[in-house]
Each structure stands twice: as C-alpha cells, then as structure tokens.
Amino acid sequence: MENFKTIIEPFKIKMVEPIHLSSFIQRKEYLKEANFNPFALDSDKVIIDFLTDSGTSAMSSDQWAGMMQGDESYAGASSWHKMRESIFDLTGHEFILPTHQGRAGERILYGHLGGPGKFFISNTHFDTTRANIEFSGAEAIDIPVEEGKNPKEYHPFKGNMDVKKLEEIILEKGSANIAGVILTVTNNSGGGQPVSMENAKAVAAICKKYKIYYFLDCCRVAENAYFIRLREKGYENKTYKEIAQELFSLTDGAVMSAKKDALVNMGGFLSLKEEELANACKNLLIITEGFATYGGLSGRDMEAIAIGLREVFEPNYLHYRITSTTFLGEKLREMGVPLMWPIGGHAVYLDAKELYDHIPVDQYPGQALVCELYLTGGIRAVEIGSVMFGKYDDNGKLIPAPMELVRLAIPRRVYTQSHIEYVIEVFDKILKNKHNAKGLIITEEPKFLRHFTSKFKRVE
Ligand SMILES: *Cc1c(COP(=O)(O)O)cnc(C)c1O
C-alpha cells in the first residue's frame, strides 16, 4: 500500500452493531438528565464513544472462532497453554500468571513488593498502578522527562523516563527501599507518548547496577514498538514484534491489561523471570483471582488473548492504528484546535484551557468541552483536568490540575474513516461556537474519583 495516500482499514466488516443516532434536541435532554456528566449516559445515547480504548476493541473473526474452542477445564486447559505460549513468545518470561484485568496483576505484584517505607519509580504511574501501590502503603514517584511536560513542543519520545533523576532518587532513598521501577509503554497518563529503546536500556542498566526489579507496564507495547521502528535509528529493519521482544528482554517482569493491545474486551497477565517471586505471586493469585491456569479468565477469553497478542503486531494493523489516530489529531491541529503534540498512539488530547480561554478553571473548561462535544455531535470524551485531579484548599477553594485536557481515546478496529470525518466536522462547529460555550459548577461530588459520579450545573 506504500504508493497510496489513503490508508484504508485493513479489515472488512462481517458483523455490525447499530449506532443509535440522536438529534440535538434529544441530546440536550439526555445531557441534562445525566447532570452534565457523560459518564452517566447510557451507551445507546452516544454516537461516537471516545471515552476509552480499554476493553472496547472489536475482535477479529479468528478471535471469535477461537472463542468456540475455549477449553473451560478448571486446571490445565488447552486454552491456557495457548495463552501462555503466546505471552512467553513475546516476553521470554518463564513464569506467567493470568489475571482478569491489568489492575489484578498490579495488586498482586506491587502489593507483594510494596508496603510502608517502600518506593516505586515510573515514567508515569497509571492511576490504578498508583492506587495499588499507595494501598500497600508504599509511595509512587513519577519522573517523566522534561520534554514530556511540555504539551506543544515536538519530541519523538516524550514518554521517556528521566534517568538522571532515577539514579538520584535511588541514592536518596536507598536502593534497598526501591521496590521496583516501572516503565509504562506507551505512557498512558503522559498522553500516550512512546518510550525509546535507548531509554528503556538506560533504565535497565541503572536497575541492574543497583539490583532493583525492573517491570514493564506493557498495555500498549505494540503501539510503542511502532513508534520505535518509525523514529529510532537502528530499528528500521526490525519487526514490531522483535522490538517488543527486545523491550521485554531488558526486564524482570511485566504487567499487562489485555484490554488494550491484546485486542480483547477483558483480561490481563503478570509475567516474571524469577521463580521465587513468581511463586509468592501465584499464591496470591490463587486466593483472589483463581487457579494458576485461568486466574479469573474463561477458557474462551484466554483463546482470544492468545490470538489478539499475535494480531496486534501485524504491520498493516499497526500502521492503520497509529496513522488513523494521527490523522484525526493532525486535522484538528490544522483547523486550529489546540492539542498535545505530537499525537500519541491511542488518543488525541485536547487543550481545553486554551480553546475556551473565556472559561475560568474553576468552571472546568475541560468539562465544558466534553459537554459541547456531546451536545453538538453525540461524541463522548473524558475530561482529564481539574474535574479529575483538582483538589480543594482549607478554605474550599479549588487547587486546579496543571492542565485542562480532554481525551479522545480511539477504540481499536471499531470506527471507520467516515466516523472520523464526522468527528472532524463536529469540531468545525465546536470552533465556530466556541465563544458560546459555558462553564460548569459542581453541585454534588463524592470524596474519591469524583469525575465518575459528580453532578454539574451550567453557569448561565
Ligand atoms: C489500563 C491500564 C492499566 C490497568 O488495567 P485494567 O485492565 O484497566 O485494570 C494499567 N496500566 C496502564 C498503562 C493502563 O493503560
């Protein structure tokens, strides 16, 4: 396909799921009923759902065929052996534990290694990773590179970890107190930005020097491998899978949410090199997830993961995946929509503070954009700003988040080019009506994770 500008979806559609189209008048009513929080909307009231790329992938006909062969035996199922083989081939880690999703693996591994007085260090801990670490009593320290904190400036590997800081923190805290170093590829919370092989190697060398466990949070390892092949010297002639295998070879273990790059709707795993650590984790797995050969998954789920982990490395799939995300981001940028640059692997992050510079941060410009996207085009997105991360000072005044972003996360193999073109057209209207967008105030909120269930009112 290299001589054509048009990138086509490398699949055709065998089964369809209707999208319920709605009118502006209907959506106005729905949004009011949802108290201006799209998390409260039923999915049949959404036209394009960009809430998350997690567990929202479309499975292939091969995966569905595999589901029919699911071996539902309690112990030693053939489906487990297929899943194990697929993961071992990729990671080279001898000890593999299936889990029902990513956070279950995190709880087991980081719960076991963590505890009061311990530290984990990451380019950026994903929120469930941080929560599991903090729940154990340990502390989670984020050290993304400086370039990663600047949303506008181009850098090929904004997901990198600051290795100078890594060594400083190890020396400051004492290497015995560092429970593990976690490299998240791609860096989800940092905008889906990739990590370079050079950086992954530098982190490995430091962990080796100080005898510290080095883990990969590998939810989007295939997408990261695409960027390495595209942007890093010396990797042009490697396959995506070889690049991923090299990333894994540097580590002591990995945790994966299969809901991302394993192209399934539910599942995960934990893989480890060391037998002793694996045995301790296996005991915890059996107590809370399930026996060691299914760990919370059905045989059919394990079949689908085994196949998905191979499909995700197909060059035509990955090319389509990354270029279609980039296509949306570049078009929006050309139209003048402020956003994080360059575009990451799985999502486009919009800068709502800049777009709606007439809305003060304590009236949540990100939430305002989320509401406008829904009202205008039935698009559901998520605010990643002061609704999600804002706190209050002692006088009840908002301490805003550093950025007011809105994430458009693209489900894998779900939407076609015309859906994306529709989204672009919706943004045309968003830009034209930008001065009419109104801020919001919170009328009801829970103590934790308030973005999920808060209620809002428009400032008229
Ligand atoms: C999704 C995700 C997780 C958690 O996985 P779940 O399957 O949602 O429990 C952990 N780390 C990263 C980087 C993720 O994107």
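Biologist: Which element gives the largest share of the shell around the ligand?

Modeller: That's H4, with three residues. Helices here are DSSP runs of H or I, at least four residues, and strands are E runs of at least two, numbered from the N terminus. Keep in mind that this is a predicted model: local features need pLDDT of at least 70, side-chain atom pairs count only at pLDDT 80 or more, and totals for chains, interfaces and linings use all residues. Residues are numbered from 1 along each chain as its sequence is written, and side-chain values use heavy atoms, leaving out hydrogens and water.

Biologist: Which residues are closest to the ligand?

Modeller: A residue is near a molecule if one of its heavy atoms lies within 4 Å of it. Here 14 residues surround the ligand, and the closest are Arg-103, Asp-217, Arg-220, Ser-257 and Lys-260.

Biologist: How far is the polar side-chain atom of Ser-257 from an oxygen atom of the ligand?

Modeller: A polar contact is a pair of N or O atoms within 3.5 Å. For Ser-257, the distance is 2.7 Å. A backbone N or O atom of Gly-102 sits 2.9 Å from a ligand oxygen atom.

Biologist: Now H10: which of its residues are buried, and which exposed?

Modeller: Buried means under 20% relative accessible area, exposed over 50%, partly exposed in between (1.4 Å probe, protein chains only). Leu-277, Ala-278, Cys-281 and Leu-285 are buried. Seen down the axis of H10, the buried residues fall within an arc of 90 degrees (using directions from the axis to the C-beta atoms), so they line one face of the helix. On the other side, Glu-276, Asn-283 and Ile-287 are exposed.

Methods:
A polar contact is a pair of N or O atoms within 3.5 Å; within protein, one must be able to donate a hydrogen and the other to accept it, and residues adjacent in sequence count only if both atoms are side-chain atoms.
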